[in-house]
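Q: I have a new model open and would like to go through a few spots in it. Can we start with the terms and then look at some residues?

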Amino acid sequence: IGGRTVDEELDSALFINVSYDKQLAEHRDSIGEPIGITDVTGRSKLLELLKLAKETNTYKYLILDVRFEDGNYQDSDDTLFQQIMNMDRIVVATHKDIKTPTNFPKEKSALADYYSTITATNFERYEYIHSGIPSVPLYAYKELTGNNIKQKAYISTCDGRLCQKSIFLKFPSAHFDKVMANGDQRYYEMGHEILTDLREDFADMAEDKVVVIGNFVEDLHDTYIGMKPGPYILYKALRTLEKGEHYVNWWYQFLFACVYFFMSCTLLMRHSLLKRIPFIKKSKSRFLHFCLTFLGCGMLITILDILLFFNGHIHSILFPSIYFGLLKYILTYRRLKI
C-alpha cells in the first residue's frame, strides 16, 4: 500500500530465515545459576553463513536480527562475536530489556525495539532513536549514506533538513508467506537452502542487496495490515530512510496549514464558510444542506488523510483532533455564557 511492489522489494533484499536452525543451550538466571534448557539459533550454522557472506563480500549491507542473551551464553559465541567484529557493513540487533554477554560486539549493535503505548501495545510506528540510542535501521542508514538523525529538544534533523524521528511504515497488503502467489520465494532457509543447495549462488543472490538474517516464522508483530516478521519491519524501516520519507514534506505541511486555517475560521464564525459560497448560500436543497452537516472538522481531516494515505503519505491526526475538539468546546461554552 503506497509503497514499492513486492517484486521490487525482493530485488533490493535477501531474507534468510533461522527459525528451523536451532540448538539446545543451557539457560542461567540473573545470578548465573543454571535453571534449565532452552533453544537458540544454531551458532555453527550462523558462523558458517557469516563466513560465506564475508568471503563473497557482494552484499550491500547485513542485518543480523538474532538475540544474544547473557543467560544463554556459550563458549562458541566468542568465535561468532569475533567474526562479526571482522566484518564490514553489518549491524546486530539487541533490545533494551536483555543483558548481552561480556564479549558481545556492542560497537556493531543497535536497538531493534519499536514504539508502543500503554493503550496500543502492537506495532504502530517505528522510532529511529531510543533515548539517544540509534535503532538498527538508523545505524545501517548512517553507515550506508553518512547521514544521521540528530535530535535537539523536540526537533529532529537529518543532513541539515527537518525530519521525523518516528514514522508510520507502509507495508504491502499481501501476507508474508515464504512462497508468494506468483511463485517467487520471499525468504530462504539458512541451513536447508543457503548453506547447501544455494551456497554457490549466494554471491549472486546477495549482490548489492540488504541481507536480513532473522526469524521470519515466529518473530511476528501485529501491524495495521496484519502480522509481519520483526526482521522484515527492520528492513522496511531502513528502506523508508533510504527513500527519504523521513524528511518533512513542506508541500504537505502547506496543504494542512491551509486546511487547518479554513477549519479554524469555520469554528470561529457562527456560520460555516461553506454556506458563504454563493451557490450553497442560494441553494434551497434540503439534501445539500443536510450533507453539509456531516462535513465537520473530523470528517474533513479523515477524508484528507485517506486521500494522502493512498498517495503514500501517512499523517497523524491525534493533535489536530485534540486542538479542534478543544476549540469547539471552548467556543460553545463562551457562546452559551453570552
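A: A polar contact is a pair of N or O atoms within 3.5 Å; within protein, one must be able to donate a hydrogen and the other to accept it, and residues adjacent in sequence count only if both atoms are side-chain atoms. This is a predicted model, in which local features need pLDDT of at least 70, side-chain atom pairs count only at pLDDT 80 or more, and totals for chains, interfaces and linings use all residues. Residues are numbered from 1 along each chain as its sequence is written, and side-chain values use heavy atoms, with hydrogens and water left out.

Q: OK, which backbone nitrogen lies 2.9 Å from a polar atom of the N17 side chain?
A: That of F216.

Q: Where is N17, and is N17 buried or exposed?
A: N17 is in strand β1, residues 13–17 (strands are DSSP runs of E, at least two residues, and helices runs of H or I, at least four, numbered from the N terminus). N17 is buried, at 0% relative accessible area (buried is under 20%, exposed over 50%, partly exposed in between, with a 1.4 Å probe and protein chains only).

Q: What else is N17 in contact with?
A: Leaving aside neighbours within four places in sequence, the contacts of N17 include Y187, Y188, E189, M190 and G214. Contact means heavy atoms within 4.5 Å.

Q: Switching to H95: which side chain does H95 join in a polar contact?
A: The side chain of D113, at 3.0 Å. H95 is in the loop between β5 (90–94) and β6 (109–111), and H95 is buried, with a relative accessible area of 15%.

Q: Now helices. How do α4 and α7 pack?
A: Helix α4 (residues 136–145) and helix α7 (residues 230–242) have axes 8 Å apart, at an angle of about 40°. That makes α4 oblique to α7 (under 35 degrees is roughly parallel, over 145 roughly antiparallel, 65 to 115 roughly perpendicular, the rest oblique). Axes are lines fitted to C-alpha atoms, for helices over the stretch in contact, and angles run from 0 to 180 degrees between N-to-C directions.

Q: Which residues meet there, α4 against α7?
A: V136, P137, L138, A140, Y141 and L144 in α4 meet L234, A237, L238, L241 and E242 in α7. By class, ten are nonpolar, none polar and one charged (Ala, Val, Leu, Ile, Met, Phe, Trp, Tyr, Cys and Pro are nonpolar, Asp, Glu, Lys and Arg charged, and the others, Gly among them, polar).
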